[in-house]
Amino acid sequence: MNLPRLLALIRFGWYRMMAQLGHDTGRFNVGYMYARGQGVRQDDAEAVRWYQMAAGNGDLNAQTNLALMYVQGRGVDKDEVQALRWYRQAAEQGSTRAQCNLAYLYLHGIGTDPDEARAAHWYRVAADLENPAAQSDLGVLYANGRGVPRDLVQAYMWTQLAAFQGHAQAEENLGQYAADMSPEQIETARRLARDWDAEASSAQARSMAAGPVAEPAREG
């Protein structure tokens, strides 16, 4: 047996023990390892079973991954309404991955009627938490006036913030937006992005100075 497989077996055994002791982090990770076939035979139905136990107790990572299983119909019948439900629960707890996926469902009317305003809301929530994909997608909504008033300065600002983090699509979109903007508008958008980024960095520094930062939960 090679070392990676041995380590996966050990991790699975440890998480299974945690799960049996009632720890939802353990339940989530058991589900994750079943979904990926790590340390155990790949089994989507078992993954869903463990995700459901943890998700029902409020584990946001399990809620997010369970929603994806419903979207894809893996280990469970495809059900976009259930996917929306679980993404919303995780989004309300602060998962930016769930917030982005929830926004996408609202934008495209998956599991619900299309609602561009709600899509913009959830992209904005995730963008404020510095998720680069959300910032880029929020920029697209501003550029096209979907769910928000059309505003190229705001589109450029949010897209610039995503580009600061190396988001490739955002870097490409900047050039497209700039083609329809005046130099003054571009400079305003860049200044707003710099100010926002500086304030976010300052807020993060204040938070770290105030006390230890809790280790974030794992997301699969």
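Buried residues make up 40% of the 220 residues in the protein chain. Buried here means under 20% relative accessible area, exposed means over 50%, and partly exposed lies in between, with a 1.4 Å probe and protein chains only. One caution before we go on. This is a predicted model: local features need pLDDT of at least 70, side-chain atom pairs count only at pLDDT 80 or more, and totals for chains, interfaces and linings use all residues. Residues are numbered from 1 along each chain as its sequence is written, and side-chain values use heavy atoms, with hydrogens and water left out.

Now the overall layout. The protein chain has eleven helices and zero strands. Helices (H or I, at least four residues) and strands (E, at least two) are DSSP runs, numbered from the N terminus. Along its principal axes, the C-alpha trace spans about 60 × 45 × 35 Å. Take the contacts between residues at least 6 apart in sequence: 48% of them join residues at least 24 apart. Contact means heavy atoms within 4.5 Å.

Next, the core. What is the size of the largest nonpolar core, in residues? It has 64 residues, and those with the most contacts inside it are Tyr51, Tyr123 and Met181. Helix H9 gives the most to this core, with nine residues. A nonpolar core is a set of buried Ala, Val, Leu, Ile, Met, Phe, Trp, Tyr and Cys residues joined through side-chain atoms within 4.5 Å. Methionine 181 touches Leu152, Val153, Tyr156, Ile186 and Ala189, leaving aside residues up to four places away in sequence.

Let's stay with H9. This helix covers residues 152-164, which is 13 residues. From first C-alpha to last it reaches 18 Å, close to the 18 Å expected at 1.5 Å a residue. That expected span is 1.5 Å times one less than the number of residues. Eleven of the 13 residues of H9 are buried, so the helix is largely enclosed by the rest of the structure. Among them are Leu152, Tyr156, Trp158 and Gln160.

What caps the N-terminal end of H9? Aspartate 151 does, with a side-chain oxygen 3.0 Å from the backbone nitrogen of valine 153. A polar contact is a pair of N or O atoms within 3.5 Å; within protein, one must be able to donate a hydrogen and the other to accept it, and residues adjacent in sequence count only if both atoms are side-chain atoms. After H9 comes glycine 166, with a positive phi near 85°.

Aspartate 43 also reaches a backbone nitrogen. Aspartate 43 sits in the loop between H2 and helix H3 (44-56). A polar atom of its side chain lies 3.0 Å from the backbone nitrogen of glutamate 46. At 17% relative accessibility, aspartate 43 counts as buried.

Within H3 we find methionine 53. Methionine 53 is partly exposed, at 30% relative accessible area. Methionine 53 touches Asp24 and Arg27, not counting residues up to four places away in sequence.

On to the rings. A pair of aromatic rings is described by the distance of the centres and the angle of the planes. Rings of Phe, Tyr and Trp (its six-membered ring) pair if their centres lie within 6.5 Å; planes under 30 degrees apart count as stacked, over 60 as edge-to-face and the rest as tilted. By this rule there are four aromatic pairs. One of them is phenylalanine 12 with tyrosine 34, edge-to-face, 5.4 Å centre to centre and 90° between the planes. Why does this pair tie together parts 22 residues apart in sequence? Because phenylalanine 12 lies in helix H1 (residues 3-20) and tyrosine 34 in helix H2 (residues 24-36). Both phenylalanine 12 and tyrosine 34 are buried. Ring pairs also link Phe28, Tyr32 and Tyr51 into a cluster.

Arginine 85 lies over the face of tryptophan 86, 4.2 Å from the ring centre. The rule is NZ of Lys or CZ of Arg within 6 Å of the ring centre and within 35 degrees of the ring normal.

Most residues other than glycine have a negative phi, and most peptide bonds are trans. Glutamate 130 is not a glycine, yet its phi is positive, about 70°. Glutamate 130 lies in the loop between helix H7 (116-128) and helix H8 (132-144). Its relative accessibility is 32%, so glutamate 130 counts as partly exposed.
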